[in-house]
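Work through the exercises below with the sequence and the model in view. Each task is followed by a solution in steps.

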Amino acid sequence: MPITCGFDLMKPNSLNVLVIDENRIRASIIEEGLRDAGYDNVTIIADMTGLARRITEINPDVIVIDLENPNRDVLESMFQISRAVNRPIAMFVDKSDEASIEAAVDAGVSAYIVDGLRQERVRPILKMAISRFNAFSRLSRELEEARGELENRKLIERAKGLLMRARGLSEMEAYALLRRTAMGQNRKIVEIAQSLVTAASLLDPGGDT
């Protein structure tokens with residue numbers, strides 16, 4: 001399933017909302033609340049059979065899950081889906097405990113609402129779920145980018161060290177050589193560094209690269 005992020009809170013009509021609820025009366029409360037808020041593209045699943053496959057087929061932008069007095073097996077099943085789909089998820093439950101709340105957070109549930117299913121609350125809760133999901137996605141991307149930059153710097157440092165030892169260059173001269181080579185080959189410096197480190201490990205697999 002492709003990852004969707006950056007949902008537009010101002011354009012509810014553009015969002016495909018999936019409601020998962022075995023209780024059709026409770027599902028109708030959620031659906032009415034969504035439609036009153038302008039969310040017209042609403043799909044309801046009342047049968048939990050083959051749920052993961054059906055979610056993939058529908059490919060929703062946002063998921064609302066309503067669980068009336070769920071047991072731990074049902075909750076864990078929903079949490080597994082939450083981890084897999086990478087979508088904003090608002091989950092309503094009638095009763096819960098601290099362990100279930102922590103599990104919901106770990107599973108990536110954007111809004112976990114205990115005993116709060118009312119029609120007028122659906123819209124603000126859905127907006128909160130989308131907002132939290134967008135914020136978490138942004139932080140995750142920034143963290144991943146920071147990790148990538150750190151790994152790139154480490155790789156370039158290793159490549160400079162190889163050049164300094166092999167050619168007797170200073171640190172500045174080694175970096176300048178990497179930069180000239182990258183410009184000459186129309187590649188990134190980190191790509192040249194990776195090639196150099198890889199070649200060195202092949203030539204001297206027991207050495208310290």
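Buried means under 20% relative accessible area, exposed over 50%, and partly exposed in between (1.4 Å probe, protein chains only). This is a predicted model, in which local features need pLDDT of at least 70 and side-chain atom pairs count only at pLDDT 80 or more, while totals for chains, interfaces and linings use all residues. Residues are numbered from 1 along each chain as its sequence is written, and side-chain values use heavy atoms, with hydrogens and water left out.

**Exercise 1.** Find the partner of Glu191 in a salt bridge, and state whether Glu191 is buried or exposed or in between.

Solution. Start from the criterion: a salt bridge is a side-chain nitrogen of Lys or Arg within 4 Å of a carboxyl oxygen of Asp or Glu. The partner is Arg187, with the closest N and O atoms 3.7 Å apart. Next, take the accessibilities: Glu191 has 35% and counts as partly exposed, and Arg187, at 33%, is also partly exposed.

**Exercise 2.** Describe the salt bridges Lys154–Glu151 and Lys160–Glu157, with their positions in helix 5.

Solution. Helices (H or I, at least four residues) and strands (E, at least two) are DSSP runs, numbered from the N terminus. Lys154 and Glu151 meet at 3.9 Å, N to O. They are 3 residues apart in helix 5 (residues 119–167), so about one helical turn separates them. Lys154 is partly exposed at 45%, and Glu151 is partly exposed at 47%.

For Lys160 and Glu157 the N to O distance is 3.0 Å. This pair also lies in helix 5, 3 residues apart, about one turn of the helix. Here Lys160 is buried, at 7% relative accessibility, whereas Glu157 is partly exposed at 44%.

**Exercise 3.** How many salt bridges does the structure hold, and which residues are linked with Arg26 in a network?

Solution. The count is 12. Asp66 and Asp94 are linked with Arg26 in a network of salt bridges.
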